[in-house]
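I opened the model to look up its sheet, its nonpolar cores and its salt bridges. My entries follow in the order I took them.

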Amino acid sequence: MVGCNEGDVQTADTEPVGTAPQTQTSTSITAVSAGKPLLKICCSEYAYLDSAENMQKLLEKKTGVAFEIVQSTDKLDGCNAIYVGFVDGRDEIADIFKNNISYNGYGAVLDGGNVYICGYSEKWIGVAAQMFANSLKDSGIDKKADGGVSVVFDASMTFVNNPEYEIASPKLLGVGFAD
């Protein structure tokens, strides 16, 4: 499985005909309270570690808080997570991505106190992680006078970008097989 997708592979002769970005309806998640991160970044696949680290740096630059990266769900210690590149057996989230991520697709959703960042390939997982971190608005960051900070990830940070492809009909001597 690459990223969160188990979809059909498109052939090389198909061209994208558009994208269907979708915002997922979700609740907000308190990611940082009193300057302490309440989420860890969980990335069990080495191939996606660069994406997780880049997202960690972007979030730290915006919030001043470093989210710990762990490479196994065993190391979450009961903490919620920002999962990068995989779904971790959550069928309801897997269904969102399987049904909505096609060739060159990617997305980020909030569910059950967790963030799930997935893509069709390593490249698109990186794009999704960067888009998620960059979508954190100043209104989601509350910097206190005492130096503490609170951070909320909300539904405005969620998305599924799914390119739509027109499937070319095979032809023989200019006539389609279906004709």
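**Accessibility terms.** I call a residue buried under 20% relative accessible area, exposed over 50% and partly exposed in between, using a 1.4 Å probe and protein chains only. Lys-144, with a relative accessible area of 40%, is therefore partly exposed.

**Ground rules.** This is a predicted model, so I note that local features need pLDDT of at least 70, that side-chain atom pairs count only at pLDDT 80 or more, and that totals for chains, interfaces and linings use all residues. Residues are numbered from 1 along each chain as its sequence is written, and side-chain values use heavy atoms, with hydrogens and water left out.

**Sheet.** I take helices (H or I, at least four residues) and strands (E, at least two) as DSSP runs, numbered from the N terminus. Two strands pair if DSSP finds at least two bridges between them. I traced an open sheet of six strands with mixed pairing, in the order β5-β4-β6-β8-β7-β11. Which strands stand at the edges? They are β5 (69–70) and β11 (159–161); each has a single partner strand, so one side of each lacks a neighbour in the sheet. I then checked β4 (residues 39–42), which pairs with β5 in the parallel sense over two bridges. Ile-41 stands opposite Ile-69 in β5.

**Helices on the sheet.** I count a contact when heavy atoms are within 4.5 Å. Axes are lines fitted to C-alpha atoms, for helices over the stretch in contact; angles run from 0 to 180 degrees between N-to-C directions. Helix α1 (residues 49–63) lies across β4, β5, β6 (80–84) and β8 (114–119), at about 125 degrees to β6. Helix α3 (residues 122–134) lies across β6, β7 (106–111), β8 and β11, at about 140 degrees to β8.

**Ser-135.** I found Ser-135 in the loop between α3 and β9 (141–143). Is Ser-135 buried or exposed? Ser-135 counts as buried, at 19% relative accessibility. Leaving out residues up to four places away in sequence, Ser-135 touches Lys-62 and Met-157.

**Nonpolar cores.** I define a nonpolar core as a set of buried Ala, Val, Leu, Ile, Met, Phe, Trp, Tyr and Cys residues joined through side-chain atoms within 4.5 Å. The largest has 33 residues, and Met-55, Ile-82, Val-84, Ile-117, Phe-132 and Phe-153 touch the most other members. Elements giving two or more residues to this core include β2 (29–33) and β10 (149–153). Helix α3 gives the largest share, six residues. Another core, of 10 residues, lies apart from it; Val-70, Ile-101, Val-109 and Tyr-120 are among them.

**Salt bridges.** My cut-off is a side-chain nitrogen of Lys or Arg within 4 Å of a carboxyl oxygen of Asp or Glu. How many turn up in the whole structure? I get three salt bridges.

- Glu-68 meets Lys-40 at 3.8 Å, N to O. Glu-68 is in the loop between α1 and β5, Lys-40 in strand β4, 28 residues apart.
- Lys-40 also meets Asp-77, at 3.4 Å, N to O. Asp-77 lies in the loop between β5 and β6, so this pair ties together parts 37 residues apart in sequence.
- Lys-144 meets Asp-142 at 2.6 Å, N to O. Asp-142 is partly exposed at 38% relative accessibility.

Lys-40, Glu-68 and Asp-77 are linked in a network. Within it, Lys-40 is buried at 13%, Glu-68 is partly exposed at 43%, and Asp-77 is exposed at 65%.
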